Amino acid sequence: MSYQGILHRYGHLLDLPAHTRAISLLEGNTPLVPLPRLGHELGCELFVKYEGLNPTGSFKDRGMTAAISEALGRGAQTVICASTGNTAASAAAYAARAGLRAIVLIPQGKVAAGKLAGAIAYGAEVIQVDGSFDDALALVVEITQKTPLALVNSINPYRIEGQKSSAFEICDDLGAAPDWLCLPVGNAGNITAYWAGFKQYQKGLPQILGVQAAGAAPLVLGHPVEKPETVATAIRIGRPARGEQALQAAQESRGQIIAVSDAEILQAQKILASEGLWVEPASAAGIAGLLAQTQSAGMEVRGKKIVVVCTGHGMKDPAIITESFTSPKVIPADYDSLFALVE
Ligand code: F0G
């Protein structure tokens, strides 16, 4: 039987109510791509869990198949979320598939083009909030407490259930959990889900390195950030909903949550692209964190098996690239002009 999505493959391991009615776009089953060059440099076996290859271009689809399937089965008619972009696009797609109305709240002017376009294309009602993601999330929480709208942010426990599937896949591919798992941390749903997934699957436990952007690093600073700012707009979050669980995952796994600068994130994005993987800036934070730890903090990676989660595709945020390069040259349509350039 061909692949039918994560609810079909791992549903028996996910805590979902009996009323759940599966809505799938065949999310999950993403490749664990080796990074031989960087791995060789660091002296470790290095892999990228390439979550940008999910149907809407980010890992959010794993949680959304579960949350939308539950909401549909419960009889919800409208789903709502706050988002830095990827959750919005994913909610919009799965709601469309389920025949539900989707409303998404985004921080005005701070959502990358590919995400906003996706949310609109899938037919969501997109509302820009004159404020941050954190402000938008607070609004969504309030309205879902007072009305029958169904909340599909990662506060919703079924999102976490679905996102556990990536930990299962990694263990299935490697035969066991890796030594380290490195990933970006924003609202802290994903780190929570991975840790729950590894604990449940019982194929060993990785140490977890969670990585925040320096301008949006409440879990490193130990207090909320009122005006988070970073080039990695996906994780531009100052008050993570699952912050406590993220800290617990880091502590229990004998890992750490650290911050990296925007420059380190963009450098990591380049390094990934140089091995053929174009990911959005937030997605490069895991690699940036791994490099920072190996270079300065003496994290021992030699001989270790390391998985870095790249959470979203580079095509989500093309402007980051095009704005920092000069436009490609234009030549007349003749052979000599071409030859002069390439010889
Ligand atoms: N990477 C990407 C590409 C994301 O879009 C997000 C979160 C994260 C990492 C962090 O994951 O929130 O579970 O800690 N994006 C959310 C959104 C906030 O609205 O799309 P997290």
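Student: Which residues of α12 meet which residues of α13?

Tutor: Contact means heavy atoms within 4.5 Å. Here, E264, I265, A268, I271 and L272 in α12 meet A285, I287, A288, L291 and A292 in α13. Helices are DSSP runs (H or I, at least four residues) and strands are too (E, at least two), numbered from the N terminus. By the way, this is a predicted model, where local features need pLDDT of at least 70, side-chain atom pairs count only at pLDDT 80 or more, and totals for chains, interfaces and linings use all residues. Residues are numbered from 1 along each chain as its sequence is written, and side-chain values use heavy atoms, leaving out hydrogens and water.

Student: At what angle do α12 and α13 pack?

Tutor: Two packed helices are described by the angle between their axes and the distance between the axes. Axes are lines fitted to C-alpha atoms, for helices over the stretch in contact, and angles run from 0 to 180 degrees between N-to-C directions. For α12 (residues 262-274) and α13 (residues 285-295), the angle is about 105°, with the axes 8 Å apart. That makes α12 roughly perpendicular to α13 (65 to 115 degrees).

Student: And the sheet: what is the order of its strands?

Tutor: Strands pair if DSSP finds at least two bridges between them. This open sheet of 6 strands runs β1-β2-β10-β7-β8-β9, with mixed pairing. β1 (32-34) and β9 (256-260) each have a single partner strand, so one side of each is left without a neighbour in the sheet.

Student: How do β1 and β2 pair?

Tutor: β1 and β2 (residues 45-50) are antiparallel, over 3 bridges. In β2, F47 is the bridge partner of P34.

Key
Parallel < 35°, antiparallel > 145°, perpendicular 65-115°, else oblique.
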